[in-house]
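Biologist: I am new to this structure. Could we go through it together?
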Amino acid sequence: MTAGGPPEPLLLRAPLLLDGRGAAAVPDAALWLEGGTVAWVGPGADLPSGAERLRVLELPGCTLLPGLVDAHVHLVASAGPELARDIPPTEAARTLAAVANCRRHLDGGTTLVRDLGAPGGEAIAIANAVEAGTVEGPTVVAAGPAVTMTGGHISYMGRVADGPEQMRAAVRANLAMGARCIKVVATGGVLTRGLDPRVAAYTQQELDALVDEAHRFGLKVAAHAIGEGGVVAALRAGVDSVEHGMFLDKTGIGLFLDTGARYSATFAAPDCIMRGRTVPDWIKDRARPAAEAQRASFRAAVVAGVRVVAGTDAGRPVPEGSPGPVRRPYRSAAPLVRLKGLGYER
Ligand SMILES: [Zn+2]
């Protein structure tokens, strides 16, 4: 995760620690870092001998917690007001943008990101570089180009495929690039003109073929799906996660429960688009119905027991001066913190 050798041994002290496994918070906590790993963690009063030699970093007012996971990012995009224009025109420039954005994610406390769409192999290259230790960033699980239909959403960061045979070929092409998961665009999108976000993009047969082929190779499938029909078709095909899912009906929620697919609601995405002063009106017009429907859909899903994951869609627009993804220190946890506002506090 870091370039160069392991950092010097260090003792972090903070008033609170969460272990990320559901255990009670540890008050007056200490965390011993040595050789680039956590050597000991627990209440400060129980520190083993030897700790007195360590340099101590006091973190008053902070909570220590494991690295955050963001299940939906785009490393090549840097949160400009219009996604299509925000992505650099050359592969070299996109790769440099991805290196910089990786660093921002890491600085914000995110230690694993899933990249769900880049024009080429940029995010896959970054994933390999992070693994090799030549670029500093979170672990990257990259999809490569998103699989999208002719005239579909984000074709500028996708691989166009139509018909079941091309769906299978697209999976194989991404596999050959080194993709570790597959992203399919199952409805229209907010940030692309044309097909309405509520309209299903692919037929059931096309989605079935793509998921079957991906699963044959052990690749999980994430489906961009905003409207009910696309969500249902994607879940029927057996996708492993639905991204966005702003319009959910009873059939969709039932399929989530039956299949165990994860719901990556990307709360911050429509919210940030609606609040962005320089986001073009045509994008806001497309985002508005989805933003309005999202809260009720999410509440219904959570109450029914659908399993949710945190995804921010980082790279898409953020409001000016916002501390959100990806311009300033990153807040992956924001979507889950909002669960409180939805009356979900477990
Ligand atoms: Zn996305």
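Modeller: We shall take the overall build, then a sheet, then the core. This is a predicted model, in which local features need pLDDT of at least 70 and side-chain atom pairs count only at pLDDT 80 or more, while totals for chains, interfaces and linings use all residues. Residues are numbered from 1 along each chain as its sequence is written.

Biologist: How many helices and strands does the chain have?

Modeller: There are ten helices and 15 strands. These are DSSP runs numbered from the N terminus, helices being H or I with at least four residues and strands E with at least two.

Biologist: And what is its radius of gyration?

Modeller: The radius of gyration is 21 Å, close to the 20 Å that the globule rule gives for 346 residues, so the chain is as compact as a globular protein of that length. The radius is taken over C-alpha atoms, and the rule is 2.2 Å times the number of residues to the power 0.38.

Biologist: Which domains is the chain divided into?

Modeller: Domain 1 covers 10-64 and domain 2 covers 68-338; the bounds come from an automatic or database domain assignment. Their centres, taken over C-alpha atoms, are 35 Å apart.

Biologist: Turning to the open sheet of three strands, what is the strand order?

Modeller: The order is β6-β7-β8, with parallel pairing; two strands pair if DSSP finds at least two bridges between them. β6 (68-73) and β8 (139-142) are at the edges with a single partner strand each, so one side of each has no neighbour in the sheet.

Biologist: How many bridges join β7 to β8?

Modeller: Four bridges join β7, residues 110-115, to β8. Leu112 has Thr139 of β8 as its bridge partner.

Biologist: Next, the largest nonpolar core. Which residues have the most contacts inside it?

Modeller: That core has 87 residues, and those with the most contacts inside it include Ala123, Ile126 and Ile182. A nonpolar core is a set of buried Ala, Val, Leu, Ile, Met, Phe, Trp, Tyr and Cys residues joined through C-beta atoms within 7 Å. Buried means that 20 or more other C-beta atoms lie within 10 Å of a residue's own, with C-beta atoms placed from the backbone.

Biologist: What is Ile126 in contact with?

Modeller: Leaving aside neighbours within four places in sequence, Ile126 is in contact (C-beta atoms, placed from the backbone, within 7 Å) with residues including Leu75, Cys102 and Val140. A second, separate core of nine residues includes Leu11 and Leu64.

Technical notes:
A residue is buried if 20 or more other C-beta atoms lie within 10 Å of its own, exposed if 12 or fewer, and partly exposed in between; C-beta atoms are placed from the backbone. Two residues are in contact if their C-beta atoms, placed from the backbone, lie within 7 Å.
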